[in-house]
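Open the model in your viewer and keep the sequence panel beside it. The tour moves one selection at a time.

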Amino acid sequence: MSASRFYVPDLSPLDYPALDWSRARIVFVAESPHVSEVTPERMSERRPLCGMAGKVWWKALSELLEGEASDDVSLERLLELTQKHGVIILNAVQVPIDSKVTRQFPDADPIRLVGFDKGPGPNTFKKLKSTKAVRFTVNKLAERLNAPELAKLPVVCLGNDSEWFVKEALGKERFLTQV
């Protein structure tokens, strides 16, 4: 099975160019998809941050932005919320890098898909940071973050692993904070 079966599009003008992203003002970067994000067979139904932790994050974000907490993580709702409030959501890596995903999806083994995982162990991206596989992934993130649609926007990382990838991709010049 190919990596495309487990690829999760970002909620951004890069993956949804036909939508109105004129209000874009900030980029949030999560680590990588996990079980809930890769469950839909069709790529067009996959989206970042739709598992349990994602529901908590979206609920807090919708309460902050709209005054009403909603844990609706349907693709339609997430695209509506991101466009309306100028929020871009990327995964640092657009396929799973947590090997625990193989408990439900044996074919989603990160070592096979991208050549590394989040660890612990000898195959972690931090230990393999100078390898072609990790450099390729970091460069792909840099391309997305430096695309004209996103290049001027501040970047906020959602966790330590996403922070590592963003710092590798951009250095510290656009890195704001971690939440």
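Predicted model: local features only at pLDDT ≥ 70, side-chain atom pairs only at ≥ 80, totals over all residues.

## Stop 1

E37 is buried yet has no salt bridge. The nearest side chain of opposite charge is R47, and it is 8.1 Å away. The cut-off for a salt bridge is 4 Å between a Lys or Arg side-chain nitrogen and a carboxyl oxygen.

What does the side chain of E37 reach? It reaches the backbone nitrogen of H34, at 3.1 Å. E37 belongs to helix α1, residues 35-38.

Now show the surroundings. Beyond its neighbours within four places in sequence, E37 is in contact with V8, R46, R47, P48, L49, C50 and G51.

## Stop 1: L49 and C50

Stay with two of those contacts, L49 and C50. L49 sits in the loop between α1 and α2. Check its backbone: phi is positive, about 55 degrees, although L49 is not a glycine. L49 counts as buried because its relative accessibility is 15%.

Next, C50. Its relative accessibility is 6%, so C50 counts as buried. Then jump to C157, which is buried as well, at 0%.

## Stop 2: the nonpolar core

Select V27, W58, L145 and F165. These residues have the most contacts inside the largest nonpolar core, which has 53 residues. Two or more residues come from each of β1 (26-30), α1, α2 (52-66), α3 (75-85), β2 (87-91), α5 (132-145), β3 (155-157) and α6 (160-170).

## Stop 3: N91 in strand β2

Go to N91, in strand β2. Is N91 buried or exposed? N91 counts as buried because its relative accessibility is 2%.

The C-alpha atoms of N91 and F28 are 8.4 Å apart in space, while the two residues are 63 apart in sequence.

Show the contacts of N91, leaving aside neighbours within four places in sequence. They are V8, D10, V29, A30, E31, S32, P33, P48, L141 and R144. V8 and P48 are also among the contacts of E37 at Stop 1.

## Stop 4: charged pairs

The structure holds 12 salt bridges. Start with K118 and E31: their closest N and O atoms are 3.1 Å apart. This pair links distant parts of the chain, 87 residues apart. K118 is in the loop between α4 (110-113) and α5, and E31 is in the loop between β1 and α1. K118 is partly exposed, with a relative accessible area of 29%. E31 is buried, at 15%.

Next, select K129 and E168. Their salt bridge has its closest N and O atoms 3.6 Å apart. K129 lies in the loop between α4 and α5 and E168 in helix α6, so the bridge ties together parts that are 39 residues apart in sequence. K129 is partly exposed, with a relative accessible area of 37%. E168 also counts as partly exposed, at 25%.

An α-helix has 3.6 residues a turn, so residues three or four places apart point the same way. E163 counts as buried at 17% relative accessibility. K167 counts as partly exposed at 31%.

Finally, select E66, R77, E80 and K84. Salt bridges that share partners join these residues into one network.

## Stop 5: helix α6 and its end

Of its 11 residues, 8 are buried, so the helix is largely enclosed by the rest of the structure. The buried residues are D161, S162, E163, W164, F165, V166, A169 and L170. F165 is one of the core residues picked out at Stop 3.

Step just past the helix. There G171 takes a positive phi of about 75 degrees.

## Stop 6: a cis peptide

The peptide bond from G119 to P120 is cis, with omega near 5 degrees. P120 is in the loop between α4 and α5. K118 from Stop 5 is in that loop too.

Definitions and conventions
Residues numbered from 1 in each chain as written. Heavy atoms only, no water. Helix = DSSP H or I, 4+ residues; strand = E, 2+ residues; numbered from the N terminus. Buried < 20%, exposed > 50% of the residue type's maximum accessible area, 1.4 Å probe, protein only. Lys, Arg positive; Asp, Glu negative; His and termini not counted. Polar contact = N/O pair within 3.5 Å; in protein donor to acceptor, adjacent residues only side chain to side chain. Contact = heavy atoms within 4.5 Å. Core = buried A, V, L, I, M, F, W, Y, C linked by side-chain atoms within 4.5 Å.
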